[in-house]
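Here is a protein to take apart by question and answer. Look it over, then read on.

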Amino acid sequence: MATTRLSAATWSLSAVAAGALLVGCSGSVSIGNSEPTLSADKLATTVAEKLAVTTGQPKPDITCPEDLAGKVGNTTRCTLTADDGSTLGVTVTVSSVDGDEINFDIKADDTASPAAN
């Protein structure tokens with residue numbers, strides 16, 4: 001079972017940006033490849049769900065540009081967009097693979113980018 005750690009107590013981008021955000025979680029993956037893969041859409045949904053559970057806040061808007069291949073150490077960058085349009089980068093790193101299950105860690109950047117005008 002993955003361990004969840006969070007330094008921000010509330011779900012606002014400024015609170016998340018104030019400290020490191022680390023969440024361990026696992027997600028479902030597609031079957032049939034020699035290496036399991038988690039689609040970008042499923043990854044974004046899983047990351048948002050895990051962050052919502054961890055913070056007790058509504059699911060944030062997360063987008064991930066690419067699928068995550070199930071190989072330990074693989075990473076991808078996702079983006080959390082707050083209600084005010086500011087964004088926070090989120091790194092997703094594969095921590096282990098158990099059959100078709102990919103376990104990964106989530107770490108948010110320390111600093112948010114302001115909303116585009």
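Q: Which residue does the side chain of E66 join in a polar contact of 2.9 Å?
A: This is a predicted model: local features need pLDDT of at least 70, side-chain atom pairs count only at pLDDT 80 or more, and totals for chains, interfaces and linings use all residues. Residues are numbered from 1 along each chain as its sequence is written, and side-chain values use heavy atoms, with hydrogens and water left out. A polar contact is a pair of N or O atoms within 3.5 Å; within protein, one must be able to donate a hydrogen and the other to accept it, and residues adjacent in sequence count only if both atoms are side-chain atoms. At 2.9 Å, the side-chain partner of E66 is T76.

Q: Is E66 buried or exposed, or in between?
A: Buried means under 20% relative accessible area, exposed over 50%, and partly exposed in between (1.4 Å probe, protein chains only). E66 sits in the loop between β4 and β5; strands (E, at least two residues) and helices (H or I, at least four) are DSSP runs, numbered from the N terminus. Its relative accessibility is 39%, so E66 is partly exposed.

Q: Which residues does E66 touch, not counting those up to four places away in sequence?
A: Contact here means heavy atoms within 4.5 Å. With those sequence neighbours set aside, E66 touches A40, L43, T75 and T76.

Q: How far apart in space are E66 and C78, C-alpha to C-alpha?
A: In sequence, E66 and C78 are twelve residues apart. In space, the C-alpha to C-alpha distance of E66 and C78 is 8.7 Å.

Q: Which residue does a disulfide join to C78?
A: A disulfide is a pair of cysteine sulfur atoms within 2.5 Å. A search of the whole structure finds one. Its S to S distance is 2.1 Å, and the partner of C78 is C64.

Q: How many residues apart in sequence are the parts that this disulfide ties together?
A: The link of C64 and C78 is right-handed, with 105 degrees about the S-S bond. C64 lies in the loop between β4 (61–63) and β5 (68–69), and C78 in strand β6, so the parts tied together are apart in sequence by 14 residues.
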